[in-house]
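This briefing is intended to be read beside the sequence and the coordinates. Selected features are grouped below by topic.

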Amino acid sequence: MEGFLETVRAFGRSRGLWRRGDRVLAAVSGGPDSLALLLALAALASEEGFALGCCTVDHRLREEAAEETAFVARVAADLGVPCRVEIADVPAWRKIHGGSEETAARELRYEALRRAAKEGGYGKIACAHHKDDQAETVLYHFLRGSGTEGLRGMRPLSGDIIRPFLCVSRREIEGFLSAYPYTPCHDRTNDVPEAVRNRLRLLLLPELRTYNPRITDALCRTAEILAAEDDWLEALTGEEEAKLTAADGGLLAERALFARVPEAAARRLLRRIGKRLAGRAPDFEDTERLLSFVRTGEAGKWTSAAGTAVRLTRERAFFYPGSTRAGTLPEGPSWTLVQEVMETPPTHLDGAQCLLDADAVGKIRLRTPRPGDRFAPKGFAGTKKLFPYMNELGIPAEARRTWPLAADDRHIYWIGRKKTSRYGAPSEKTRHFLLLTLRRKQDGTADEGH
């Protein structure tokens, strides 16, 4: 047991997964891996100087889920670790949004974990992914034809997520657990070779071990090598991305840039542009098509891929959210935002106007939606993901990426012509009112500020 803990301790320190004074929330389902994570972090917390909490999520998918969350809560109580139980109703969510059960469960689980972390004051969320999970991830991306971005696997530290067990195998975890009087929960769905991950674990990896008994270590080593190389390429691409110019809700680039940089950097740059503008990167075929178009296409031509449209001039490429197929190509900026500060509020607002407390907001700009945006509707206590909420408001899917938003660096205050936020709303204490008026552009004039 001490050898296992020392391995995890050394890995956590070397990768900067925690520092003294950190507050870490362990994601615990009750299965062997996450139970071991809770026990290991509880054993390390005092010496390493971090505070530990625990969160378990009931996805409403199996009858045993309530018993499993109760089991996690009992173990946490035995260890003196605060535990929070979250509900993520996957079936209810899918009735509204659709999508696969696996994807919905993952999205709702991380949303619940981040909510628990925020409300509990935890800065990091610990997940129990281990070496075998890493090997499955690398193999999964290899079969999909991924580049280094996929083959690098999972990072030990990724934003607010830490993975202290990427240094140990499933067998080592089972050995560690044997020293404790707890019987972990077992999810029978993991034994059925239907989902892709299950088939990799249950069928393909055992076959590959007949070729290389240490295939797990080999795949993890590949991920380690490619992760370092991917970081290097990302840094180089970031230097080139900094040369792009924001323009009318999109990005402007010199076409010569894509001819000058190496092929790998040009591909990455196009994928990063796609993520920035449309929330997703083009696949390999679309990336190659876009790259050829930007390098050799005729001035005045358009094309699009994965929600990002490109228009060429002789020397420049303009990238916008949009699609040639859906007919959502921008012909230039469509809206202008007129802003007027006044001491008394207007007696009437039409649908193209919004009134804010001028002293309660920052510098208001007109922009389009971005991946990860959230909105706090007036009359609603929490926040909502912007794109699903725009669907609720009846905004057509093809129009959402370019819909006008009035926002500062902190909040979105107005979904143009549709809904205002609870932030920045005038009150009885308001001394200066900011009247926003949204107008269709006729002459291409720039947005006004205040």
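Is C83 buried, partly exposed or exposed? C83 counts as partly exposed, because its relative accessibility is 31%. The model under discussion is a predicted one.

**Cysteines**

- The whole structure was searched for disulfides, and 0 were found.
- For C83, the closest cysteine sulfur belongs to C54 and lies 3.8 Å away, which is too far for a bond, since a disulfide requires the two sulfur atoms to be within 2.5 Å.
- C167 likewise takes part in no disulfide, and the nearest cysteine sulfur, in C220, is 11 Å away.
- C167 counts as buried because its relative accessibility is 14%, and the cut-off for that class is under 20%.

**Helix 2**

- Helix 2 covers residues 32-48, a total of 17 residues.
- At 1.5 Å a residue the helix should span 24 Å, and the 23 Å between its end C-alpha atoms agrees with that expectation.
- Just after the helix, G49 adopts a positive phi of about 80 degrees.

- An open sheet is formed by 6 strands in the order 3-2-1-4-6-5, and its pairing is mixed.
- Strand 3 (83-87) and strand 5 (157-158) are the edge strands; each has a single partner strand, so one side of each lacks a neighbour in the sheet.
- Strand 4 and strand 6 (residues 161-162) run parallel and are joined by 2 bridges.
- Opposite A126 stands I162 of strand 6.

- Strand 13 (residues 353-357) is largely enclosed by the rest of the structure, because 5 of its 5 residues are buried.
- Both of its faces are covered: Q353, L355 and D357 are buried on one side, and C354 and L356 are buried on the other.
- Strand 13 pairs with strand 20 (residues 433-440) in the antiparallel sense, over 5 bridges.
- Within that pairing, D357 has F433 of strand 20 as its bridge partner.

**Two residues in helices**

- T69 belongs to helix 3 and is buried, with a relative accessible area of 9%.
- Beyond its neighbours within four places in sequence, T69 is in contact with T56, V57, D58 and V85.
- R260 is part of helix 11 (residues 255-260).
- When residues up to four places away in sequence are not counted, R260 touches E240 and K243.
- The side chains of R260 and E240 are joined by a polar contact of 3.2 Å.
- R260 and R295 are separated by 35 residues in sequence, and their C-alpha atoms are 10.0 Å apart in space.

Notes
Residues numbered from 1 in each chain as written. Predicted model: local features only at pLDDT ≥ 70, side-chain atom pairs only at ≥ 80, totals over all residues. Heavy atoms only, no water. Buried < 20%, exposed > 50% of the residue type's maximum accessible area, 1.4 Å probe, protein only. Helix = DSSP H or I, 4+ residues; strand = E, 2+ residues; numbered from the N terminus. Pairing = 2+ DSSP bridges. Expected span 1.5 Å × (residues − 1). Contact = heavy atoms within 4.5 Å. Polar contact = N/O pair within 3.5 Å; in protein donor to acceptor, adjacent residues only side chain to side chain.
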